[in-house]
Amino acid sequence: MKEKWAQLVALFSVLLCFLWVIGLGLVIDGHFLETNLGFPVSAPPVSEAAQDEKVGKDVLALGDSLTRGTGDGEGKGYVGFLIDHLKESTTHEIHLSNLGIKGQTSVELMTQIKQEEVQRQITQADTILITIGGNDLFLGGQTLMDLNREHVQKIETEYLNNINSILIDIRALNTDASIYLIGLYNPFAPLADGTLTSKVVMEWNAKTADLTLNYPKTVFVPTFDLFQLEGENYLYSDKFHPNTEGYRLIAERLGSLIRW
């Protein structure tokens, strides 16, 4: 009886010793994996809050008085209304820098983007908005006083060369940002030569749109049709710049195109 009891105790001791060795091996193995190899045996789950954490988006607006919002009683312009729309439709934090200058031409914009601070902002931008060309073509209305075909074509050629240079410079600084180049409308459509000036604007827009096809992530945004019917209802008292509703129309079109 005593021999059987001794055998049972010995067997139980061996079993405990075996289990202890296995447990020690697992502990050492787990510790080795976590500390020596630099990663845990099993990674902790990522919370939904961390996955949904907001990521900021930088929007850079360049161009002329339309970028500044001249004519909008609320002072927002299409840029301001667009930002309001984006804030409602995205969880991203939006950081806006509006560098538009009233009266700016494509030559002046070409010079502006050479500035160090402007180039820094171009480099950081996720989305770049541009309105330019109205001051090139209309020259404060002077072009309409003499609709000489050769003169208009000369202005157009210079403008397209400037836009090409601008897009080259922007893409050299930032290959990932989406660029939205906003086309021209014809504020002079209701006047006597409205049909002729509309043809000039449409040709201008068509050539600008063709140019943007040479650059990835670059979108030409038409606005001509927005002001084609009842355009006077969407113009400011100067009969040139959009009013609040006109800017809203442009912002709505842009808002339908931007995807993050």
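A residue counts as buried here when its relative accessible area is under 20%, and as exposed when that figure is over 50%. Keep that in mind as we walk through this predicted model.

Let's get our bearings. The chain has 11 helices and five strands, and buried residues make up 42% of its 260 residues. Look at contacts with a separation of 6 or more, and 76% of them join residues 24 or more positions apart.

Now zoom in on helix H10, residues 194-212. Its 19 residues reach 27 Å from the first C-alpha to the last, close to the 27 Å expected at 1.5 Å a residue. Quite a few of its residues are buried, among them Val200, Val201, Trp204, Asn205, Thr208 and Leu211. Where do the buried residues of H10 sit when you look down its axis? They fall within an arc of 160 degrees, so they line one face of the helix. The spacing has a simple background: an α-helix has 3.6 residues a turn, so residues three or four places apart point the same way.

Leaving aside neighbours within four places in sequence, Thr212 touches Leu181, Thr218 and Phe220.

Next, step back to the loop between strand E4 (178-182) and H10, which is where Phe188 sits. Phe188 is buried, with a relative accessible area of 14%. What does Phe188 form together with Phe138 and Phe240? The three make up one aromatic cluster.

The whole structure holds six aromatic pairs. In one of them, the ring centres of Phe138 and Phe188 are 5.2 Å apart and the planes lie at 70 degrees; that is over the 60 degree cut-off, so the pair is edge-to-face. Phe138 is in helix H7 (residues 134-138), 50 residues from Phe188, so this pair links distant parts of the chain. Phe138 is buried too, at 4% relative accessibility.

The pair of Phe188 and Phe240 is tilted, with 6.0 Å centre to centre and 45 degrees between the planes. Phe240 lies in the loop between strand E5 (218-221) and helix H11 (244-255), so this pair ties together parts that are 52 residues apart in sequence. From C-alpha to C-alpha, Phe188 and Phe240 are 7.6 Å apart. With 19% relative accessibility, Phe240 still counts as buried.

Key:
Residues are numbered from 1 along each chain as its sequence is written. This is a predicted model: local features need pLDDT of at least 70, side-chain atom pairs count only at pLDDT 80 or more; totals for chains, interfaces and linings use all residues. Side-chain values use heavy atoms; hydrogens and water are left out. Helices (H or I, at least four residues) and strands (E, at least two) are DSSP runs, numbered from the N terminus. The expected span of a helix is 1.5 Å times one less than its number of residues. Buried means under 20% relative accessible area, exposed over 50%, partly exposed in between (1.4 Å probe, protein chains only). The arc is that of the directions from the helix axis to the C-beta atoms. Contact means heavy atoms within 4.5 Å. Rings of Phe, Tyr and Trp (its six-membered ring) pair if their centres lie within 6.5 Å; planes under 30 degrees apart count as stacked, over 60 as edge-to-face and the rest as tilted.
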